[in-house]
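These are my notebook entries on a structure that I was asked to look through. I set down what I looked up, in the order in which I took it.

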Amino acid sequence: MIIAIDGPAAAGKGTLAERLAAHYGLPYLDTGLLYRAIGRLAHDRGIDLDDAAATGAIARALTSGDLARDDLRGREAGELASRVAVHPPVRAALVDFQRDFAARPGGAVLDGRDIGTVICPGADVKLFVTASAEVRARRRTDELAAKGRDVDYARILAEVRERDERDSTRATAPLRPAADAVIIDTSGLDRDGAFAAAVAAIDARR
Ligand code: CDP
């Protein structure tokens, strides 16, 4: 069974995907990490993030070691990721790796922006996990504050909106639900509620 999960920044996809993978005994690929690693490498090497050819070359040479870096999770890496993710050569370089992962015997869970639309259009179940920009910004602010970081809600909200805009309006593989995706709006759900809604959707479809 292939479970494709897409949705905007900070909607709770990652947590949900990981929990679903454990529940169904499937391997999990966080595809955002691929773009984050490329963004970081480009930044480290002083490469212009708007240079499609140069960032595409980095994507083609990506190694598992690059994905194991410990500086890929934060906001800065997310921002770098969304800038390199607009380039067709970057996206093209990652297609086979993601499809091979999905094709593992037994299936897999993948999360990202274009899993149900481009990477695995034949996935058994497609979930589009979303929430209002305000709720997502509030969650991210609370998460960072819990880690002792000094954060400003208004600034996080502006970042969330900016990333939504860039991810949804790019020409290649824009963020949008597949026609046959089940939409899970987590605005009024906690983690357990989102998990229960996803399990119900998956069990109904498979
Ligand atoms: O966790 P969060 O939603 O903040 O970010 P992420 O899933 O790690 O993705 C970071 C950025 O990578 C996104 O804003 C997208 O621009 C890009 N991305 C993408 O274009 N396609 C994917 N399949 C996954 C991520």
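**Entry 1: the model.** I note at the outset that this is a predicted model.

**Entry 2: length of helix α8.** I looked up helix α8, which covers residues 133-146.

**Entry 3: the buried side of α8.** Which residues of α8 are buried? I found A133, R136, A137, T141 and L144, taking buried as under 20% relative accessible area. These residues cover an arc of only 135 degrees around the axis, and therefore they lie on the same side of α8. I then looked up what the buried residues of α8 pack against, and found α5 (75-84) and α9 (153-169).

**Entry 4: after the helix.** I checked what follows α8 and found G148, with a positive phi near 85 degrees.

**Entry 5: around the ligand.** How many residues surround the ligand? I recorded 18, of which the closest are T31, R36, R91, R163 and D167.

**Entry 6: polar atoms at the ligand.** I looked up distances from polar side-chain atoms to oxygen atoms of the ligand. For R36 the distance is 2.6 Å. For R163 I noted 2.7 Å, and for R170 the value is 2.9 Å.

Methods
Residues numbered from 1 in each chain as written. Predicted model: local features only at pLDDT ≥ 70, side-chain atom pairs only at ≥ 80, totals over all residues. Heavy atoms only, no water. Helix = DSSP H or I, 4+ residues; strand = E, 2+ residues; numbered from the N terminus. Expected span 1.5 Å × (residues − 1). Buried < 20%, exposed > 50% of the residue type's maximum accessible area, 1.4 Å probe, protein only. Arc of directions from axis to C-beta. Contact = heavy atoms within 4.5 Å. Near = heavy atom within 4 Å. Polar contact = N/O pair within 3.5 Å; in protein donor to acceptor, adjacent residues only side chain to side chain.
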